[in-house]
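User: I'd like to learn how to read side-chain features in a model like this one. Could you walk me through a few?

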Amino acid sequence: MRNEMRDYRDYQKRKLSGSTDGRGIKVTAGSSPGTPIHTALSSVAANEWDEVFIEAVNTHTSDVKLTVEWGGTDSPDDLIEITIPAERGFTEVIPGHMLQNGALVRAFAAEPDVIVLHGFVNRYQHT
């Protein structure tokens, strides 16, 4: 008999929905609405959600400000701002925050076409 309590093993690892084949997503937008990164699962059940992890790479020669629209576009409620250092590899942007109800994650950068976002989702859902 299966224990109905949820635990850390009760998820599926998935690519960000805006990714092609699990590859990085180039932030092409310079303002809101941003480049689509991920759409959370549509469930509103208390025990079903997406745990989102995102890292950024800046290929530009200067630091670039990145704005993540976390489920909406209202400032400051839904905006996460971070400066991504130039040419330093991966910078953590979203360290495993949860979303559900079809919420959208989008991003725009002060310098379009130089930030690439990589990541994955742990999807907690009854199957």
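Analyst: Gladly. A charge sits over a ring if NZ of Lys or CZ of Arg is within 6 Å of the ring centre and within 35 degrees of the ring normal. Please keep in mind that this is a predicted model. Here, the charged end of K13 is placed over the ring of F120, at 4.2 Å from the ring centre.

User: How many aromatic pairs does the structure hold?

Analyst: A pair of aromatic rings is described by the distance of the centres and the angle of the planes. The structure holds 3 such pairs. In one of them, the planes of Y11 and Y124 make an angle of 45° with the centres 5.3 Å apart, so this pair is tilted. Y11 belongs to the segment before β1 (12-15) and Y124 to strand β9, so the pair ties together parts 113 residues apart in sequence.

User: Are Y11 and Y124 buried or exposed?

Analyst: Y11 is partly exposed, its relative accessible area being 35%. Y124 counts as buried, at 10% relative accessibility; the cut-off for buried is under 20%. Y124 also pairs with W49: those rings are stacked, 4.9 Å centre to centre with 25° between the planes. Since W49 lies in strand β4 and Y124 in strand β9, this pair ties together parts that are 75 residues apart in sequence. Taken together, Y11, W49 and Y124 form one aromatic cluster.

User: What is I115 in contact with, leaving aside its neighbours within four places in sequence?

Analyst: The contacts of I115 are I25, K26, V27, A56, V57, N58, V64, L66, I84 and A109.

User: And where does T35 lie?

Analyst: T35 is in strand β3 (residues 35-39), and at 9% relative accessibility T35 counts as buried. The T35 side chain reaches the backbone nitrogen of A29 at 3.1 Å. Not counting residues up to four places away in sequence, T35 touches I25, K26, V27, T28, A29, V105, R106 and A107.

Conventions:
Residues numbered from 1 in each chain as written. Predicted model: local features only at pLDDT ≥ 70, side-chain atom pairs only at ≥ 80, totals over all residues. Heavy atoms only, no water. Contact = heavy atoms within 4.5 Å. Phe/Tyr/Trp six-rings, centres within 6.5 Å; stacked < 30°, edge-to-face > 60°. Helix = DSSP H or I, 4+ residues; strand = E, 2+ residues; numbered from the N terminus. Buried < 20%, exposed > 50% of the residue type's maximum accessible area, 1.4 Å probe, protein only. Polar contact = N/O pair within 3.5 Å; in protein donor to acceptor, adjacent residues only side chain to side chain.
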